[in-house]
Amino acid sequence: MKFIIVFAALFALALAAPSDVEIVRSDSEVGPESFSFDSETSDGTKHSAQGQLNNIGTEQEAIAVRGSYSFVADDGQTYTVTYVADENGFQPQGAHLPVAPEA
């Protein structure tokens, strides 16, 4: 059920794009314990992710997602973010993102 909610939310984001942007590719596979999807829009935006349910049936049951998205910004450059979202939170990485100093 969690996978369906996550997938529906991501699909809704794709549909909420401005009307002059079209979805040119959308592939998905949703199972009871995992999912994957890839999408691309006519403005150059791309998003792909894979999720897996871990620790099934335990108190620590959680979904772990790995993915990336890229977009063309107003400055004409393409920016890419790779991420992990799991029990440790959302962890994005990208050349354009600031990095916290070492503790």
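Strands E2 (residues 34-41) and E3 (residues 46-54) run antiparallel and are joined by 7 bridges. Strands here are DSSP runs of at least two residues, numbered from the N terminus, and two of them pair if DSSP finds at least two bridges between them. This is a predicted model, in which local features need pLDDT of at least 70 and side-chain atom pairs count only at pLDDT 80 or more, while totals for chains, interfaces and linings use all residues. Residues are numbered from 1 along each chain as its sequence is written, and side-chain values use heavy atoms, with hydrogens and water left out.

**Strand pairing**

- Asp38 has Ser48 in E3 as its bridge partner.
- The hairpin of E2 and E3 has 4 residues between the strands, and Gly44 there takes a positive phi near 95 degrees.
- E3 also pairs with strand E4 (residues 62-72), in the antiparallel sense and over 9 bridges.
- Opposite Lys46 you will find Ser70 in E4.

**Salt bridges**

- The structure holds 2 salt bridges, each defined as a side-chain nitrogen of Lys or Arg within 4 Å of a carboxyl oxygen of Asp or Glu.
- Arg25 forms a salt bridge with Asp27, with 3.4 Å between the closest N and O atoms.
- Arg25 also forms a salt bridge with Glu40, where the closest N and O atoms are 3.7 Å apart.
- This second pair links distant parts of the chain, as Arg25 lies in strand E1 (residues 23-30) and Glu40 in E2, 15 residues apart.
- Together, Arg25, Asp27 and Glu40 are linked in a network of salt bridges.
- Arg25 counts as partly exposed at 32% relative accessibility, and so does Asp27 at 41%; Glu40 is partly exposed too, at 23%. (Buried means under 20% relative accessible area, exposed over 50% and partly exposed in between, with a 1.4 Å probe and protein chains only.)

**Aromatic pairs**

- The structure holds 4 aromatic pairs; rings of Phe, Tyr and Trp (its six-membered ring) pair if their centres lie within 6.5 Å, and planes under 30 degrees apart count as stacked, over 60 as edge-to-face and the rest as tilted.
- One of them is Phe35 with Phe37, which is stacked because the ring centres are 6.2 Å apart and the planes stand at 10 degrees.
- Phe35 and Phe37 are both buried.
- Tyr69 and Tyr83 make a tilted pair, since their ring centres are 6.2 Å apart and their planes at 45 degrees.
- Tyr69 lies in E4 and Tyr83 in strand E5 (residues 78-86), so this pair ties together parts that are 14 residues apart in sequence.
- Tyr69 is partly exposed at 29% relative accessibility, whereas Tyr83 is buried at 10%.
- Tyr69, Tyr83 and Phe90 form one aromatic cluster.
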